[in-house]
Amino acid sequence: MENMETRVGPKGLIKKHELVRIIIQCLYSIGYSKSAACLESESCITCKSPELESLESQILKANWDDCIRNLDKINGLTDETRASALFLVLKQCLLECLDSGDISLALNILQKHLSALKIGKEKVHKLSYELLSLKGQGLGFIDYDAVHELRKRLLSDLKKVLPPPITLPEGRLEHLVEMAVCAQVDGCIYHSSSDMISLYRDHHCDRGHFPTETIQVELWISLTFAAKHSLGMLKIQIWKLII
Ligand SMILES: [Zn+2]
């Protein structure tokens, strides 16, 4: 088992298990699922947290009671996040009950969970409205594939609601790398071309490639200053690139 405190990088700021986890996520997202699974096996670090793994299994099997209990016992969630997650699960659960014609079970679920889980009136109204809208779209005609898709959509929505480390933000490694690249471009004094960007080295544009000759073109942009309701002018000088 990987030591959760092991750090990597010269400054010791990066937790190794977090780095490995987002690498695994990246491998899955760019289509290297065998390599991702291999890394999960070798490192004993999984892309999905145990909490998410349980929720996924319970949702895909429509094991709603366990799913709700599971959400209720996850540590570290704010009341608002827990309520939002429970709202999503209850919505799917009620939809499936109503679709199968089990109105009494749907009412039972409403009574059992909505008040106990402190979901606000606003959300109850929203839930009622959405369910009525779905009823209008033809309940009772949802086939197995559609139900499976709705459950997968629920999982996807839950991933957006639940915070790390239970879930990972989508494309986390790519986002971090892109942020590092953008910071280097922002700090590039003589920046002249994004073609020079490479992950293999820190970004730096050579002064020699920076345009030094101006052509006498002036662009005037009218700006209305809201505070004074007066008209100001901004002068922009355009540089001519010397090739
Ligand atoms: Zn540059």
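Mentor: Before we look at anything else, helices are DSSP runs of H or I with at least four residues, strands are DSSP runs of E with at least two, and both are numbered from the N terminus. This is a predicted model, in which local features need pLDDT of at least 70 and side-chain atom pairs count only at pLDDT 80 or more, while totals for chains, interfaces and linings use all residues. Residues are numbered from 1 along each chain as its sequence is written, and side-chain values use heavy atoms, with hydrogens and water left out.

Trainee: How many helices and strands does the protein chain have?

Mentor: The protein chain has nine helices and four strands, and along the sequence they follow the pattern β-β-α-α-α-α-α-α-α-α-α-β-β.

Trainee: What span does helix α5 reach from its first C-alpha to its last?

Mentor: The expected span of a helix is 1.5 Å times one less than its number of residues. Helix α5 (residues 79-99) has 21 residues and reaches 30 Å, close to the 30 Å expected. Just after α5, Gly101 takes a positive phi of about 85°, and just after α3, Ala62 takes a positive phi of about 60°.

Trainee: How many residues of α5 are buried?

Mentor: Buried means under 20% relative accessible area, exposed means over 50%, and partly exposed lies in between, using a 1.4 Å probe and protein chains only. In α5, 17 of the 21 residues are buried, so that the helix is mostly covered, whereas 29% of the 243 residues of the protein chain count as buried. In helix α3 (residues 50-60), the buried residues are Leu52, Leu55, Glu56, Gln58 and Ile59.

Trainee: At what angle do the axes of helix α1 and helix α9 cross?

Mentor: Two packed helices are described by the angle between their axes and the distance between the axes. Axes are lines fitted to C-alpha atoms, for helices over the stretch in contact, and angles run from 0 to 180 degrees between N-to-C directions. The axes of α1 (residues 16-29) and α9 (residues 172-186) come within 7 Å and cross at roughly 105°. The contact (heavy atoms within 4.5 Å) is made by residues including Ile22 and Cys26 of α1 and Leu173 and Leu176 of α9.

Trainee: Which residues are the protein donors of the zinc ion?

Mentor: Donors are N, O and S atoms within 2.8 Å of the metal (3.2 Å for Na, K and Ca), and sites may look incomplete because water is not among the atoms. Here they are Cys188 (SG), His191 (ND1), His203 (NE2) and Cys205 (SG), lying 2.1 to 2.3 Å from the zinc ion, with the spacing C-x2-H-x11-H-x1-C along the chain. At 11% relative accessibility, His203 counts as buried, and Cys205 counts as buried at 2%.
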